Amino acid sequence: MAQAVSVVEVSARIERAATLEELKDIRTEWVGKKGRLTEEMKILGKLSPDQRRTRGAELNQVREAILSALNAREEVLKDRAERQVLETERVDLTLPGREPISGLLHPLTRVRRRIEDIMLRMGYSLAYGPQIDSEWYNFEALNMPADHPARDMQDSFFVDVPGLVLRTHTSPVQIRSMQRHQGRLPVKITAPGLAYRRDDDATHVPVFQQVEGLVVDRNISLGNLLGTLKMLIHELLGENVGTRFRPSYFPFTEPSVEMDVACAACGGDGCRVCKDTGWVEVLGSGVVHPTVLKSGGFNPDEVSGFAFGLGIDRIAMRLFGLDDLRLLYQNDLRYLARFQSGQGGSLS
Ligand code: DAH
């Protein structure tokens with residue numbers, strides 16, 4: 001028996017084993033719990049002490065030899081399997097990659113940031129206020145008492161809580177900023193943000209963006225306002241764009257002025273976009289009304305100010321040559337992506 005268990009023969013089988021499974025079978029067959037060698041060892045106890053010693057030593061040697069052959073072969077097979085995996089799962093680094101979709105800023109965000117940039121360079125600080133504000137900040141403080149007809153111009157969204165309204169313009173931030181200054185001069189702020197009105201057509205959406213500007217100091221005049229606005233608009237739309245000021249009316253300014261720019265669609269000749277006037281309105285402004293200064297905690301006998309508010313959407317329509325503002329709010333990426341610099345939009 002024992003030497004019939006030819007180590008040479010088993011070793012040869014082990015060497016021939018082509019897979020780890022095959023090797024495992026051989027291991028079970030010989031040195032497993034019920035393996036042939038194991039069984040041989042179990043009957044050692046039945047032999048005489050002398051026989052047991054020699055036979056035991058022999059079997060141990062055989063066992064050692066088989067185990068080391070098994071282990072050596074296992075190494076080889078494992079190694080081979082690993083290399084095969086590496087081979088079949090090889091990554092072709094020369095394949096072209098998938099182009100990542102890169103995010104882009106919304107065109108209105110880019111216009112807003114550009115305006116903020118110009119304002120910051122002119123020395124203004126950014127200021128913010130709540131989008132749900134009190135009627136007092138939105139109307140009364142701005143010289144629009146409850147029965148004032150100008151309230152009708154700003155068809156409002158009221159909320160369930162009495163006295164609160166979705167702000168109809170960014171002008172209430174004027175009052176909040178003056179209050180925050182507690183009488184300290186100068187106040188020089190710009191307030192970008194959302195405003196809400198019950199409007200909805202090609203050039204008006206119910207949620208829109210404005211940028212407010214306010215300067216309060218000693219001896220601020222209409223001249224300061226006009227110079228500032230010219231600078232802002234020329235920085236924004238180009239040195240050569242034609243501009244004009246028109247007298248207007250706002251409850252919170254006296255005098256009040258509206259600024260127009262030459263129509264981009266017809267160059268000033270008159271067309272559908274400018275309703276045949278050659279001009280498009282871009283902002284409202286004026287010298288701050290004494291009542292408004294008082295609401296903000298300033299004495300109109302000592303200080304004066306100017307203010308203006310412009311619609312970001314209007315500026316964007318002009319910069320991008322749009323005739324329907326609503327498209328900018330539908331968030332269709334295929335449409336918005338056209339305003340990446342160099343494609344469709346002129347804003348760098
Ligand atoms: N709040 C005005 C509006 O939404 C715009 C405006 C006009 C703001 C004149 C001003 C201003 O600060 O002085 O129509």
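These are my notebook entries on a predicted model and what I looked up in it.

**Ground rules**

Residues are numbered from 1 along each chain as its sequence is written. Because this is a predicted model, local features need pLDDT of at least 70 and side-chain atom pairs count only at pLDDT 80 or more, while totals for chains, interfaces and linings use all residues, and side-chain values use heavy atoms, with hydrogens and water left out.

**Confidence**

I began with pLDDT, the predictor's confidence in each residue, from 0 to 100. The protein has a mean pLDDT of 90. I noted that 95% of its residues reach 70 or more. Over residues 342–346, pLDDT stays under 50. For that stretch the model has nine contacts beyond four places in sequence. Contact here means heavy atoms within 4.5 Å.

**Helix 4**

Helices (H or I, at least four residues) and strands (E, at least two) are DSSP runs, numbered from the N terminus. I looked up helix 4, residues 49–88. Helix 4 has 40 residues. From first C-alpha to last, helix 4 reaches 57 Å, close to the 58 Å expected at 1.5 Å a residue. The expected span is 1.5 Å times one less than the number of residues.

Which residues of helix 4 are buried? I listed Arg55, Gly56, Leu59, Val62, Ile66, Leu67, Ala69, Leu70, Arg73 and Leu77. Buried means under 20% relative accessible area, exposed over 50%, and partly exposed in between (1.4 Å probe, protein chains only). The buried residues of helix 4 pack against helix 1, helix 2 (20–31) and helix 3 (36–42).

**Helix 1 on helix 4**

Two packed helices are described by the angle between their axes and the distance between the axes. Axes are lines fitted to C-alpha atoms, for helices over the stretch in contact, and angles run from 0 to 180 degrees between N-to-C directions. Helix 1 (residues 7–16) packs with helix 4 at an angle of about 10°, and the axes are 9 Å apart. Helix 1 and helix 4 are therefore roughly parallel to each other. The cut-offs are under 35 degrees for roughly parallel, over 145 for roughly antiparallel, 65 to 115 for roughly perpendicular, and oblique for the rest.

Helix 1 contributes Val7, Val10, Ile14, Glu15 and Arg16 to the contact. Helix 4 contributes Val62, Ala65, Ile66, Ala69, Leu70 and Arg73. By class, I have eight nonpolar, no polar and three charged residues. Ala, Val, Leu, Ile, Met, Phe, Trp, Tyr, Cys and Pro count as nonpolar, Asp, Glu, Lys and Arg as charged, and the others, Gly among them, as polar.

**Helix 5**

Helix 5 (residues 107–121) has 15 residues. Helix 5 reaches 21 Å from its first C-alpha to its last, close to the 21 Å expected. Its buried residues are Pro107, Leu108, Thr109, Arg110, Val111, Ile115, Glu116, Ile118 and Met119. Gly123 follows helix 5, with a positive phi near 95°.

**Single residues**

Is Val215 buried or exposed? Val215 is buried, at a relative accessible area of 7%. Val215 is in strand 6 (residues 207–217). Not counting residues up to four places away in sequence, Val215 touches Tyr124, Val187, Lys188, Ile220, Ser304, Gly305 and Phe306. I also checked Val215 against Gly238: they are 23 residues apart in sequence and 24 Å apart in space, C-alpha to C-alpha.

Ser177 lies in helix 8 (residues 172–181). Ser177 is buried, with a relative accessible area of 2%. Ser177 touches Ala127 and Ile189, not counting residues up to four places away in sequence.

Gly163 sits in the loop between strand 3 (157–158) and strand 4 (164–166). Gly163 counts as partly exposed, at 29% relative accessibility. Leaving aside neighbours within four places in sequence, Gly163 is in contact with Asp133, Ser134 and Glu135.

Where are the cis peptide bonds I noted? One runs from Leu185 to Pro186, with omega near -10°. Pro186 lies in the loop between helix 8 and strand 5 (187–196). Another joins Glu254 and Pro255, with omega about 0°. Pro255 is in strand 8 (residues 253–262).

Asn143 is not a glycine, yet has a positive phi of about 70°. Asn143 is in the loop between helix 6 (135–138) and helix 7 (150–153). Asn219 also has a positive phi, near 55°. Asn219 is in the loop between strand 6 and helix 9 (222–237). Asn219 is exposed, with a relative accessible area of 70%.
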